[in-house]
Amino acid sequence: MLSARTLFQEILDDDESFRLFCSIAAGGESQGGWENGRIAALVPESQRALAPKIARHGADEDKHGRIFNALLRKRGLRPVEVPHETDYTMLLEKHGIGLAHEQLRGEERLSERDIITYLAHSRVTEQRASEQMALLRKHFADHPDLGRAVKMISDDEDNHLAYCHEELLRFARAGHGRTIQRILRECALAEIRVYRDVSLAVMDHMGRILGWSRARAAVLAAGIHGVYTYERFVGWRRMVSLEQPERRDALGGPAAPEPGPA
């Protein structure tokens with residue numbers, strides 16, 4: 001039976017597939033940490049109050065990267081090089097989603113429009129991250145090795161999503177509503193394409209590591225294409241709506257400490 005739980009369990013039980021899974025996750029989180037750190041350093045004077053929250057966002061992402069690397073070390077494994085076609089963060093940047101890395105490597109202050117673009121991009125990608133971590137939390141919250149890390153990262157991703165909603169609503173009230181909705185829609189439609197392509201690439205690598213049959217690989221690929229079709233015509237709308245979150249000022253306090261050894 002092909003279910004999310006059995007699929008994840010199979011990946012987690014094999015050292016090589018677990019190694020690839022954690023390496024991909026750690027690389028993406030670390031890249032997100034760098035991006036947020038640079039954005040925090042380049043925030044325009046008119047939005048300086050946002051800088052600590054953006055920095056906190058980046059610190060959380062860095063922390064998540066360290067956690068995935070720690071999970072590898074606990075099993076006596078080293079990270080592997082992340083295949084280009086599985087690098088979600090870099091492929092988003094390549095497709096022009098978010099702020100260009102060339103811009104972030106410079107020293108020129110960002111504009112208010114850049115901050116709106118950053119927040120809209122984050123609102124879309126944090127929706128994906130929150131949903132993925134909720135799925136892992138549902139199935140592995142009690143896992144002896146993964147449980148504590150999964151619950152903590154899931155809480156962080158929910159905080160990030162709440163923060164994006166709150167700040168984008170603030171900009172919408174200031175008269176940027178149409179710009180925000182246009183950027184959100186562009187980001188969402190691009191993200192679902194990148195997510196489909198990355199999912200197919202990851203499953204292809206996992207299938208070769210785990211020796212999946214052609215039939216099983218075809219069923220999984222069909223499922224990924226099915227999710228994309230749904231998201232392309234209907235599901236993308238969940239990524240562009242804005243509502244006042246239950247968690248207010250979600251990134252206004254200190255970051256949660258990293259979980260210690262299990």
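Which helix does V150 lie in? V150 lies in helix α7, and the views below visit this residue and several others. This is a predicted model, in which local features need pLDDT of at least 70 and side-chain atom pairs count only at pLDDT 80 or more, while totals for chains, interfaces and linings use all residues. Residues are numbered from 1 along each chain as its sequence is written, and side-chain values use heavy atoms, with hydrogens and water left out.

View 1. Helices here are DSSP runs of H or I with at least four residues, numbered from the N terminus. V150 is buried, with a relative accessible area of 7%; buried means under 20%, exposed over 50% and partly exposed in between, using a 1.4 Å probe and protein chains only. Leaving aside residues up to four places away in sequence, V150 touches M133, L136 and R137 (contact means heavy atoms within 4.5 Å). From V150 to C187 there are 37 residues in sequence and 26 Å in space, C-alpha to C-alpha.

View 2. Helix α7 covers residues 147-210, and E157 lies in it. Residues touched by E157 include E29, E61 and H64.

**View 3. The cysteine C164.** Look for disulfides (pairs of cysteine sulfur atoms within 2.5 Å) and you will find zero in the structure. For C164, the nearest cysteine sulfur is that of C187, 11 Å away. C164 is buried, with a relative accessible area of 0%.

**View 4. Helix α2 and its start.** Helix α2 has 27 residues, 15-41, and reaches 39 Å from its first C-alpha to its last, close to the 39 Å expected. At its start, a side-chain oxygen of D14 comes to within 3.0 Å of the backbone nitrogen of E16.

**View 5. D249, in the segment after α8.** D249 lies in the segment after α8 (214-233). Although D249 is not a glycine, its phi is positive, at about 50°. D249 counts as partly exposed, at 41% relative accessibility.

Note on methods
Helix = DSSP H or I, 4+ residues; strand = E, 2+ residues; numbered from the N terminus. Expected span 1.5 Å × (residues − 1). Polar contact = N/O pair within 3.5 Å; in protein donor to acceptor, adjacent residues only side chain to side chain.
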